[in-house]
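Trainee: I have a structure on my screen and would like to learn how to read it. Where do we start?

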Amino acid sequence: MARILGGITTSHIPAVGKAIEAGMEDDPYWEPFFKAYPPIRAWLAEKQPDLVINIYNDHGLGFFLDQMPTFAIGAAAQYRNEDEGWGLPELPPFKGDAPFSWHLIESMVEQEFDITSCQELAVDHGFTVPMQLFWPKGSHPPAIPISANTVQHPIPTLKRALDFGKALGKAVRSYPEDISVVILGTGGLSHQLDGARAGFINREFDEMCMEKIVTDPEALTAISRMELVEKAGSQGTEFLMWMMMRGALGKVRQLSSNYHIPISNTGAGTMLLECIDS
Ligand code: DHB
Ligand code: FE
């Protein structure tokens, strides 16, 4: 049966993609952010996962306001990237694993999560920047994109996101082949890119979320969506991706954690959680 090795969180800020492209990892502005990644890359190199599930929120490339799935799972052999207007280079397609995707979709629907299945999907910076951060040489395992709506209200609740993760964990573990899987939760932490509160960052709230998501993720389900927007900023709702990832893991040990503000307009959190007994 498939095993989940652990989960990794990261912000997916487009400027990070620009910094990677420009080779600025040791630059004084970027170093406090990039220093979080070599230990996680070393863990990945040691564990050699067979597959990565990348939980991210599409920002308008794969879906738009006219058609906005609450939860979508990629079911393609590969996923293309496109120019989104951030000035990032267009990347070659990311290899998928359609049979594994269909297993996930079957199992999630069986567990009463209504999924939009995507046999064709363009993946944006929410997906690609983390892939570059964790597999800088491009040699990543096959990847399954899972996108949740954080763009157009109503967005899922924190409880729904955690429950989605729990069902996802069951779906992965019921895959009959003996493969190992790592799960990314990308986005966050607090940020607001537009409106009167543009530039808003909330260190205290971010640090609370980073602690509780390890020790007591259930407690975070008491936060309402309105409160999440208020405390984390309108784009800080990307924390839902972290909840989805966390739900899939079960018992964990925290192997690394880093928080740095600001990177671009965002409180950037990175952590590696290793599964115990799964
Ligand atoms: C930024 C952060 C994001 O999560 C995003 O999707 C786009 C931009 C930023 O801080 O610049
Ligand atoms: Fe984002």
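Mentor: Start with a term. A polar contact is a pair of N or O atoms within 3.5 Å. Keep in mind that this is a predicted model. Now the case here: a polar side-chain atom of Ser 264 lies 2.6 Å from an oxygen atom of ligand 1.

Trainee: What is the distance from an oxygen atom of ligand 1 to an N or O atom in the side chain of His 59?

Mentor: That distance is 2.8 Å. The backbone can take part too. In Asn 265, a backbone N or O atom lies 3.1 Å from an oxygen atom of ligand 1.

Trainee: How much of the accessible area of ligand 1 does the protein cover?

Mentor: On its own, ligand 1 has 300 Å² of accessible area, and the protein covers 97% of this.

Trainee: Which pocket is the space taken by ligand 1?

Mentor: The largest pocket. Next, look at the residues around the ligand. Among them are Ile 13, Pro 14, Trp 86, His 125, His 191, Leu 193 and Thr 266. Sort the shell by residue type: four are nonpolar, seven polar and one charged.

Trainee: Now the metal. Which protein atoms are donors of the iron ion (ligand 2)?

Mentor: For metals, donors are N, O and S atoms within 2.8 Å, and water is not among the atoms, so a site may look incomplete. Here the protein donors are His 12 through NE2, His 59 through NE2 and Glu 238 through OE. They lie 2.1 to 2.2 Å from the iron ion.

Trainee: What spacing do the donors follow along the chain?

Mentor: The pattern is H-x46-H-x178-E. Now place two of them. His 12 sits in the loop between strand S1 (3–10) and helix H1 (14–21), and His 59 in the loop between strand S2 (51–56) and strand S3 (71–74), so the pair ties together parts 47 residues apart in sequence.

Trainee: Let's turn to the backbone. Is the peptide bond from His 153 to Pro 154 cis or trans?

Mentor: Read omega. It is near 10 degrees, and the bond is cis. Pro 154 is in the loop between strand S8 (143–148) and helix H6 (158–173). The bond from Gly 188 to Leu 189 is cis as well, with omega near -10 degrees. Leu 189 falls in the loop between strand S9 (180–186) and helix H7 (203–215).

Trainee: Is the phi of Gln 48 positive or negative?

Mentor: Positive, at about 50 degrees, although Gln 48 is not a glycine. Find Gln 48 in the loop between helix H3 (37–47) and S2.

Definitions and conventions. Residues are numbered from 1 along each chain as its sequence is written. Chains are lettered from A and ligands numbered from 1 in the order in which they are written. This is a predicted model: local features need pLDDT of at least 70, side-chain atom pairs count only at pLDDT 80 or more; totals for chains, interfaces and linings use all residues. Side-chain values use heavy atoms; hydrogens and water are left out. A residue is near a molecule or strand if one of its heavy atoms lies within 4 Å of it. A polar contact is a pair of N or O atoms within 3.5 Å; within protein, one must be able to donate a hydrogen and the other to accept it, and residues adjacent in sequence count only if both atoms are side-chain atoms. Accessible areas come from the Shrake-Rupley method with a 1.4 Å probe; for residues, only the protein chains shown count as cover. On a 1 Å grid over the protein atoms alone, a cavity is a set of points where a 1.4 Å probe fits but cannot get out, and a pocket is an open set with protein on both sides within 12 Å along at least five of seven lines; lining residues have an atom within 4 Å of a point. A molecule sits in a cavity or pocket if more than half of its atoms lie within 2 Å of its grid points. Ala, Val, Leu, Ile, Met, Phe, Trp, Tyr, Cys and Pro count as nonpolar, Asp, Glu, Lys and Arg as charged, and the others, Gly among them, as polar. Donors are N, O and S atoms within 2.8 Å of the metal (3.2 Å for Na, K and Ca); water is not among the atoms, so sites may look incomplete. Helices (H or I, at least four residues) and strands (E, at least two) are DSSP runs, numbered from the N terminus.
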